[in-house]
Amino acid sequence: MCGIIGYVGRESVVPILLAGLQRLEYRGYDSAGIAIQHHGCLEIRRSEGKLSNLEAVLNNGDFVEGRTGIGHTRWATHGRPSEQNAHPHRSGDLVLVHNGIIENFLVLRHRLESEGYRFESETDTEVIAHLLSSAVKRGGRLDEAVRQVAHDLHGSYAIAVMSLTEPGRIVVSRSGCPLVIGLNGTGAFLASDVTPLLAHTREVVYLEDGDIGILEESEIHILDSDGQSKTIPAETIHWDAEAAEKGGYPNFMMKEIHEQPQVIMDTLRGRFDYETGEADLPDLSMTKEELLSAKRFWIVACGTSWHAGLVGKYLFEEMVRRPIQVDIGSEFRYREPMIQQGDVFIAISQSGETADTLAAAREAKRRGARVLAIVNAVGSTLAREADGVIYTRCGPEISVASTKAFTGQVIALYLLVLHVGRVNDVLSAEEGRWWLDHFLMLPGHVEHILKQESAIESIANQYAHMNNFLYLGRGINYPIALEGALKLKEISYIHAEGYAAGEMKHGPIALIDKEMPVVVLSPKDRLYEKSVSNLMEVRARSAPVIAFVSEGDHALDKVADHVFAIPDVHPLLTPILFTVGLQLLAYHIAIQRGLDVDRPRNLAKSVTVE
Ligand code: F6R
């Protein structure tokens, strides 16, 4: 998730771009850049790190003038954060900014290289710049070039491009990524969301997939994907800039919960070959032989990422029958783990900076293991030190409590396990395709749960005054019971415990009474009857029961106080769906208690100390 901005008009463009980028920094902040058209020249300024670094470059006597320009603040997906990889990217007379992921960029890159194009960055974006430049050279107008190139691009994008051959004009287009445009008395504006536009206009147009916008000082012309003119009615925005930053949601946590269908798609995007039923993970940098010869897999992480790792254990064991051990970072680093040369060590982290996870990964490397990172922050220490990486492509997670990062991590694990299964031939091509089909249905299932938010909110409101909660799950949903309890305690400050349901009678059952709501995860799997027995034990002790079940299961309707159904999916796919439900439960309990869910007390987003 990156931020893009642009302006063409009568005002000086640099202050408009910088103010806009400031408002977009929450979408990405690992590098930033601007390009300005001025007197037949393209001036590009870029810098690694926060926007303040770019501002320093411009304030350092390197200020550029102009009235047409585009800007970008980056959250890396392809290529580490660096000045070279920062946008805008130039090819010949044109320059471009891009938000999104081009799935087939490697194929396109090889084609362009064979045609003589030289690449200066590791990004997928530069491919679009060269493709457009090539189309313009063949005699096309810029908007026509954008329309042609769109056919070559697989993936998602919002782009803004300008060319010296068409001064005073910016052409934009989108597919799968948002793009908003607007006009005021001074000129035309574009941005990846409405936030930076609010200082200039409240009347905006949201482009639709495939649309092309041509922005000039006093008019905006919109074409559809066939090149026909179209009109999209403007919408009036009533939000203030802060609400707009949160996409109209009351806080980042809610926004990030709702981004999960997109996160699932982005993490899967371009990473599988449907024909062969394989996962395609080139950044793993591991040969088939290395994967096959690994005696043991390890997963190490902290907090919510550790819960994702525990889900991974069930996936490795059930889907590909490989031995795997899961550890907490702070425990692993001080044990004498029996890790061997050639073992595969998977470190999972949203930030890629968690001290204990990093220390564990370094220890594993020292002992000869191959370190793979499942990480969200591109260019983070973990990503740089690992031998191979799967990025979760969630965009910045701003709310302290992790939500969408967890979902991205579990999706990355599905891909990794599928990859191992296909390499080992434990999974056939047909089975691989079956799993891919079902992974691709997950965004729809998550949408379905999000639509039922009000049902969860009403349950939350009834129990928000309680002081203790118990979460029970079995098998692959035992880690989800842990995650549900963690989410609740983090943001609502209610004491909550997650337990393997079968362990309940070995102690915690003593706590159960009518003052302790119990959340039971009870999907229709082979452990269903056992989960129901646990639920009955809880019920017999008068605890209020909130059951999360599979759609179509009405057996618990009269037994539990509340029943919430998730779509009926394969048991190994239930964790993400239950987690979304439990995130909403924790969220609404915290809101009902009047708490700041984005900044819970005593917690930091990135735990860089022991
Ligand atoms: C929970 C949470 C923390 C993190 C943990 C690891 O909501 O945010 O438990 O999951 O601190 O952080 P990362 O994933 O950045 O290593």
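Leaving aside neighbours within four places in sequence, Gln37 is in contact with Leu42, Gly66, Arg67, Thr68, Met162, Ser163, Glu166, Pro167, Gly168 and Arg169, where contact means heavy atoms within 4.5 Å. The model is predicted: local features need pLDDT of at least 70, side-chain atom pairs count only at pLDDT 80 or more, and totals for chains, interfaces and linings use all residues. Residues are numbered from 1 along each chain as its sequence is written, and side-chain values use heavy atoms, with hydrogens and water left out.

Gln37 is found in strand E2 (residues 31-38). Strands (E, at least two residues) and helices (H or I, at least four) are DSSP runs, numbered from the N terminus. With a relative accessible area of 9%, Gln37 is buried; buried means under 20% relative accessible area, exposed over 50%, and partly exposed in between, using a 1.4 Å probe and protein chains only. A polar atom of the Gln37 side chain lies 3.3 Å from the backbone oxygen of Ser163. This is given as a polar contact, a pair of N or O atoms within 3.5 Å; within protein, one must be able to donate a hydrogen and the other to accept it, and residues adjacent in sequence count only if both atoms are side-chain atoms.

Two C-alpha separations give a sense of scale. Gln37 and Ala412, 375 residues apart along the chain, have C-alpha atoms separated by 41 Å. Gly227 and Gln341 are 114 residues apart in sequence and 58 Å apart in space, C-alpha to C-alpha. Gly227 is found in the loop between strand E13 (220-223) and strand E14 (229-230), and is partly exposed, with a relative accessible area of 29%.

His89 lies in strand E5 (residues 89-91) and counts as buried at 2% relative accessibility. The His89 side chain reaches two backbone oxygens: that of Asn85 at 3.2 Å and that of Ala86 at 3.4 Å. Not counting residues up to four places away in sequence, His89 touches Arg46, Gln84, Leu94, Val95, Leu96, Ser121, Thr123, Thr125, Glu126 and Ala129. The peptide bond from His87 to Pro88 is cis, with omega near -5°. Pro88 is found in the loop between strand E4 (68-74) and E5.

**Cavities**

A cavity here is a set of points on a 1 Å grid over the protein atoms alone where a 1.4 Å probe fits but cannot get out, and lining residues have an atom within 4 Å of a point. Grid points are joined across faces, edges and corners, and a volume is the space filled by probe spheres set on the points. By this rule there are two cavities of 30 Å³ or more.

| Cavity | Space | Lining by class |
|---|---|---|
| Largest | About 70 Å³ | three nonpolar, eight polar, two charged |

The largest cavity is lined by 13 residues, of which Arg74, Thr77, His87, Asp124 and Thr125 lie nearest its centre. Strand E6 (residues 94-102) supplies the largest share of this lining, three residues.

The second largest cavity is lined by Ala361, Arg362, Lys365, Val371, Leu382, Glu385 and Ala386. Helix H12 (355-366) and helix H13 (381-385) each supply at least two residues of that lining, and H12 gives the most, with three.

Helix H10 (residues 303-320) has 18 residues and reaches 25 Å from its first C-alpha to its last, close to the 26 Å expected at 1.5 Å a residue. The expected span is 1.5 Å times one less than the number of residues. Buried residues of H10 include His307, Leu310, Val311, Leu315, Phe316 and Met319.

Most residues other than glycine have a negative phi, and most peptide bonds are trans. Arg321 lies in the loop between H10 and strand E19 (324-328) and is exposed, with a relative accessible area of 64%. Arg393 also has a positive phi, of about 50°, although it is not a glycine. Arg393 sits in the loop between strand E22 (388-391) and helix H14 (404-423) and is buried, with a relative accessible area of 11%.

Conventions:
1 Å grid on protein atoms, 1.4 Å probe; cavity = no way out; pocket = protein on both sides within 12 Å on 5 of 7 lines; lining within 4 Å. Nonpolar A, V, L, I, M, F, W, Y, C, P; charged D, E, K, R; others polar.
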